[in-house]
Amino acid sequence: DMTSDWLWPHQCLGIELAQVNRRYNFYYDTRTGKTLMCLRILYDRLKSGKAKRCLVICPTNIIHSWLDDAKQYFPELKVVAFYGDAYKRNQALTQPAHVVLWATEHVAPNIDLLTSLHFHTCIFDESSKIKNYKTKIAEAARKLSLTIPSWYNLSATPAPNGEHEYYTQMLCLDPYVFSPARTHFVAAYFDNVSYSTKFEKLRLKPALRDHFMNIIEDYSLYVDQSVMPTAGKEWHVVTFYLLEETMKLYNQMRANMAAEVEGVVITAEMSAAMRAKLNQIASGFIMDTEARKENEVRRKIGEADTETEIYRLEDRSRITALSNILANESGNKVVIWANYREEFAMLRELLGDRARYIHGGTSIEDKEQFIYAEFKRGTLPYLVCHPLSVGMGINLTEAHVAIYYSLNDSWEAFKQSSERIYGHINTQPHKCKYYILQAVDTVNELIYKNLINKRNASTGFLEHLKGGTHD
């Protein structure tokens, strides 16, 4: 009997499944209590003698959550964490511990060490990190999984871009479930519908869909957010118009795949680059990619930058729209999501010390200080984040307002970031409000439609370039 005052029925079900399945996927949606459930799984395995030492692999930014939950609910467990330099690694491994938390990004560089330690159980949190079979972490996970008797994958978004992304996750559970040669796996189950043989765009063969998904579901339990009571969500698309001069520049780029700014012609030759350039113009700036490359070469040989990389436009339409929202949400803590460094610079000019800014260059120490000490426990009103820097695992339910200053093409990043402020009604008693800033008649509209319909990034883009409809 797994009933408890602090475990929900779907968590108890997962614990019971782990008792009879040594290797399994728990594809639980965000906020459904994966961490607490898995700590109970580890506790039971240790207490019963089925395991003596356990490993948890998770992104650095959620190690803090694992440590907090372990301390609160399982104080008898000795838990150590490694997510830094070699000294911290050695310190973590030399301490007596039941559970070792290991940052995902430090698995591949230490794979020989990890395989030699003979862990008995592994929890791979956010296993979508190994959805791309080509990455070093995917290769390391497969190698490590062969040395550990019990292995559990956790993810809210296990295969965001297609069923082929289950491949490595499944091989970590059973190295024989699919062919170890990925080319054979693809040939057996998928059609490559890419227009170019140089690229891969896989579509599951319709006749094999049920068969394929039955294989996945034999190893998996899916749980969505309907299992818990919430205060709900509401979405607001906030539209604004770019200045006439900005729209001229935008349409010039859209029509000619090039635009002239301050006498410099900036080109975008590929679809993804074109979407990025149009997105930038809609945000009030444009980046000269060639100038950036030129400056990078100069830095490598010790010379100073000579080229202008960013051209700021005289259009504050987006900033003005944001300011209006913040004025209406005065008194509430707000999470703001942005994608470009220049957007962060613009937001810093607007918000100054009233916000903290988290992006790829933010240190682990600063990130923890900004999130936990200043935003969650302090009085800081605004947190400005890149979706890939704070998008997984971190609880920001002290806020119930999120603003998407801009969007990128990743449905996974969009879903994960939106869930940061959402949760069980006991944790998040307020209805969550989401604002999407959207420049009228721009690629902003197309990106948002693709995201909410979970469509490919290229959907409708050619029509947009031709100035046609993009519904």
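User: Which residue lies over the face of W411, and at what distance from the ring centre?

Analyst: A charge counts as over a ring if NZ of Lys or CZ of Arg is within 6 Å of the ring centre and within 35 degrees of the ring normal. Here K454 takes that place over W411, at 4.1 Å from the ring centre. Likewise, K333 lies over the face of F375, at 5.1 Å. Do keep in mind that this is a predicted model, where local features need pLDDT of at least 70, side-chain atom pairs count only at pLDDT 80 or more, and totals for chains, interfaces and linings use all residues. Residues are numbered from 1 along each chain as its sequence is written, and side-chain values use heavy atoms, with hydrogens and water left out.

User: How many aromatic pairs does the structure hold?

Analyst: Rings of Phe, Tyr and Trp (its six-membered ring) pair if their centres lie within 6.5 Å; planes under 30 degrees apart are stacked, over 60 edge-to-face, and the rest tilted. The structure holds 23 such pairs. One of them, W337 with Y404, is stacked, at 6.4 Å centre to centre and 20° between the planes.

User: Which parts does the pair of W337 and Y404 tie together?

Analyst: Strands are DSSP runs of E, at least two residues, numbered from the N terminus. W337 lies in β15 (residues 334-337) and Y404 in β18 (residues 401-404), so the pair ties together parts 67 residues apart in sequence.

Methods: Helix = DSSP H or I, 4+ residues; strand = E, 2+ residues; numbered from the N terminus.
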